[in-house]
Amino acid sequence: MKTKLLALFLLAGGSLFAAHFSVGIGVGGYYPYGGYYMATPPPVVAYAPAPVYARPGYSWVDPYYYPVGNRYVYRAGYWARPPYAGASWVRPRWEGRRYYGGHWRRR
């Protein structure tokens, strides 16, 4: 019984002190207050009128592309409830090789 308990203690203790090391390399980079650096602009989104929605208090968010690593991923348009009263959606944009994500702001 003592050997089993000792083995269990050693295994559990060894896993607590196991080191983890990882390295990541990315092409795009995040600049606080300055957006993501992206070498190419996102693809052009074909805009269509927002579909009819019967619930009041929701805003339509246009479809857009957002960066994931060194590529862009498409996000379809959707209805969203603003996080606070008087908020409006600001579309994502790409300027000067930097991608600025969409966000909610006061009107």
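Predicted model: local features only at pLDDT ≥ 70, side-chain atom pairs only at ≥ 80, totals over all residues.
Residues are numbered from 1 along each chain as its sequence is written, and side-chain values use heavy atoms, with hydrogens and water left out.

The protein chain contains one helix and 10 strands, where helices (H or I, at least four residues) and strands (E, at least two) are DSSP runs numbered from the N terminus. The order of the elements from the N terminus is α-β-β-β-β-β-β-β-β-β-β. Of the 107 residues in the protein chain, 18% are buried; buried denotes under 20% relative accessible area, exposed over 50%, and partly exposed the range in between (1.4 Å probe, protein chains only).

The largest pocket holds about 170 Å³ of space. A pocket is defined on a 1 Å grid over the protein atoms alone as an open set of points where a 1.4 Å probe fits, with protein on both sides within 12 Å along at least five of seven lines; lining residues have an atom within 4 Å of a point. Grid points are joined across faces, edges and corners, and the volume is the space filled by probe spheres set on the points. The lining comprises 13 residues, with Pro42, Val45, Tyr47, Tyr64 and Pro92 nearest the centre of the pocket. Strand S4 (64-68) and strand S8 (93-95) are the elements that contribute two or more residues to this lining. By class, the lining residues are 11 nonpolar, no polar and two charged; Ala, Val, Leu, Ile, Met, Phe, Trp, Tyr, Cys and Pro count as nonpolar, Asp, Glu, Lys and Arg as charged, and the others, Gly among them, as polar.

Two salt bridges were identified, each requiring a side-chain nitrogen of Lys or Arg within 4 Å of a carboxyl oxygen of Asp or Glu. In one, Asp62 pairs with Arg91, and the closest N and O atoms are 3.5 Å apart. This pair links distant parts of the chain, 29 residues apart: Asp62 belongs to the loop between strand S3 (59-61) and S4, and Arg91 to the loop between strand S7 (87-90) and S8. Asp62 is buried because its relative accessibility is 18%, whereas Arg91, at 45%, is partly exposed. The other salt bridge joins the side chains of Arg93 and Glu95, with an N to O distance of 3.0 Å. Arg93 is partly exposed at 36% relative accessible area, and Glu95 is partly exposed at 43% relative accessibility.

On the surface, Leu6, Phe9 and Leu10 form a nonpolar patch with about 350 Å² of accessible area together. Such a patch consists of residues with over 30% relative accessible area and no salt bridge, nonpolar side chains (Val, Leu, Ile, Met, Phe, Trp, Tyr) being joined within 5 Å; accessible areas come from the Shrake-Rupley method with a 1.4 Å probe. Leu10 lies in helix H1 (residues 2-16) and is exposed, since its relative accessibility is 56%.

Two loop residues complete the description. Most residues other than glycine have a negative phi. Arg97, although not a glycine, has a positive phi of about 65°. Arg97 is located in the loop between S8 and S9 and is partly exposed at 44% relative accessibility. Gly101 occupies the loop between strand S9 (98-100) and strand S10 (103-106), and its relative accessible area of 36% makes Gly101 partly exposed. The C-alpha atoms of Gly101 and Val90 are separated by 8.7 Å, the two residues being 11 residues apart along the chain.

Terms used:
Patch = residues over 30% accessible without salt bridge, like charges linked within 9 Å, V, L, I, M, F, W, Y side chains within 5 Å.
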